[in-house]
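Please keep the sequence and the structure in view while reading.

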Amino acid sequence: MNIVFCCTDTRPEPWLEGLQAALPEAQVTLWRPVPEPLGVATEAASADYAVVWAPPQAFIDSQPRLKALFNIGAGVDALLRLRLPPGLPVVRLDDAGMAVQMAEYVCHAVIRHFRELDPYRQAQARHEWAFRKPQRREDFAVGVMGLGVLGTRVAQALRAFEFPVHGWSRSPKALEGVRTFHGEGDGLRRFLAASRVLVNLLPLTPQTRDILNRDTLSRLQPGGYLINVARGAHLVEEDLLALLDSGHLAGATLDVFRTEPLPPEHPFWAHPRITVTPHTAARTLRDESIAQIARKIRALEQGQPIAGVVDRARGY
């Protein structure tokens, strides 16, 4: 059994060593492109499984015999933009330690806004000892867009702080203690109107691109707050800035952007009501990811079904 690893933005050695230790019966190799006219490296051309993050098309073209393609992250939009062989299973990580990180990040952002910790920080800079009137928790309904593994964990974590929690998904879902909505049209409109804080955890698909726009964000309750931890292409940036400047939205915490790294001249950096973090809400944990991938490869080798296989038509 041969496994090939392809990821250009991380040190490959720990991944190669970890995969080899988890699957000692396999041969684990690193894919590297070879300059023209020699073509693409052939030492990994016979790989059975690939473990990747944002591989180039040349990598896919060099792997004609793959049984499955494992993505070392939850989002697969970059993979689905490539020309993939028909029928090749694309497998995403179910969790691998990312869900608890995402819950931490979102809860921190919600609580920081609700408890007005930024104004207190500003008061500290002025050496000012000043109390603020506590806000009513029941006035801060939090709406979670996307109720997959990460969205479900976030919604459950928010419940622990006794915020009213709503959830929206494409198809009907039921979560204990969470008021759920589904479907586009009226279902989405009612979900937005019931929410004051909006957390985006949707997959990026043609249907969800630009979904955070002037129309949808305007439907949030006055003083709404946006937390985007999914993909930058979900958000129409100019619409967010206009709604912040108009006062309809109170602020935003953004972890993902259309261009990453965020350009130094981008207006988000200096906006007083926007918090920027560098796509760090939930990082892939290598050891947990390797263990999960190894279990799934062994299951596939034994003809058993696995979780996390992407429906390419839906994009997740």
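The report begins with the whole chain and then turns to selected residues.

## Basis of the report

This is a predicted model, in which local features need pLDDT of at least 70 and side-chain atom pairs count only at pLDDT 80 or more, while totals for chains, interfaces and linings use all residues. Residues are numbered from 1 along each chain as its sequence is written, and side-chain values use heavy atoms, with hydrogens and water left out.

## The chain as a whole

The protein chain contains 10 helices and 12 strands. Helices (H or I, at least four residues) and strands (E, at least two) are DSSP runs, numbered from the N terminus. The radius of gyration is 22 Å, close to the 20 Å given by the globule rule for 316 residues, so the protein chain is as compact as a globular protein of that length. That radius is taken over C-alpha atoms, and the globule rule is 2.2 Å times the number of residues to the power 0.38. Along the principal axes, the C-alpha atoms fill a box of roughly 65 × 40 × 35 Å.

Of the 316 residues, 50% count as buried. Here buried means under 20% relative accessible area, exposed means over 50%, and partly exposed lies in between (1.4 Å probe, protein chains only). The accessible surface of the protein chain comes to about 15,800 Å², and 52% of that surface belongs to carbon and sulfur atoms. Accessible areas come from the Shrake-Rupley method with a 1.4 Å probe; for residues, only the protein chains shown count as cover.

Contacts (heavy atoms within 4.5 Å) also describe the fold. Among those between residues at least 6 apart in sequence, 62% join residues at least 24 apart.

## Helix H1 and the cysteines

Helix H1 covers residues 12–22 and includes Glu-17. Glu-17 is exposed, with a relative accessible area of 57%. The buried residues of H1 are Pro-12, Pro-14, Trp-15, Leu-16 and Leu-19. These buried residues pack against strand S1 (2–7), strand S2 (27–30), strand S3 (49–53) and helix H10 (286–301).

How many disulfides does the structure hold? There are zero disulfides, a disulfide being a pair of cysteine sulfur atoms within 2.5 Å. For Cys-6, the closest cysteine sulfur is in Cys-7, 7.4 Å away, which is too far for a bond. Cys-6 is buried at 2% relative accessibility, and Cys-107 is also buried, with a relative accessible area of 7%.

## Backbone features in loops

Most residues other than glycine have a negative phi, and most peptide bonds are trans. The table gives their places in the chain.

| Residue | Loop |
|---|---|
| Ala-54 | between S3 and helix H2 (57–61) |
| Glu-162 | between helix H6 (149–159) and strand S7 (165–169) |

Ala-54 is partly exposed at 40% relative accessibility, whereas Glu-162 is exposed at 64% relative accessible area.

The peptide bond from Glu-260 to Pro-261 is cis, with omega near -5°. Pro-261 is placed in the loop between strand S11 (249–254) and strand S12 (274–276). Leu-262 lies in the loop between S11 and S12 and counts as buried, at 9% relative accessibility. Which residues does Leu-262 touch, not counting residues up to four places away in sequence? Leu-262 touches Phe-257, Phe-268, Trp-269 and Val-276 on that basis. The C-alpha atoms of Leu-262 and Thr-277 are separated by 9.6 Å, with the two residues 15 apart along the chain.

## Two further residues

Ser-171 lies in the loop between S7 and strand S8 (179–182). Ser-171 is partly exposed, with a relative accessible area of 28%.

Is Gly-224 buried or exposed? Gly-224 is buried, with a relative accessible area of 0%, and belongs to strand S10 (residues 224–228). Leaving aside neighbours within four places in sequence, Gly-224 is in contact with Arg-196, His-248, Leu-249, Ala-250 and Gly-251. Gly-224 and Ala-26 are 198 residues apart along the chain, and their C-alpha atoms are separated by 52 Å.
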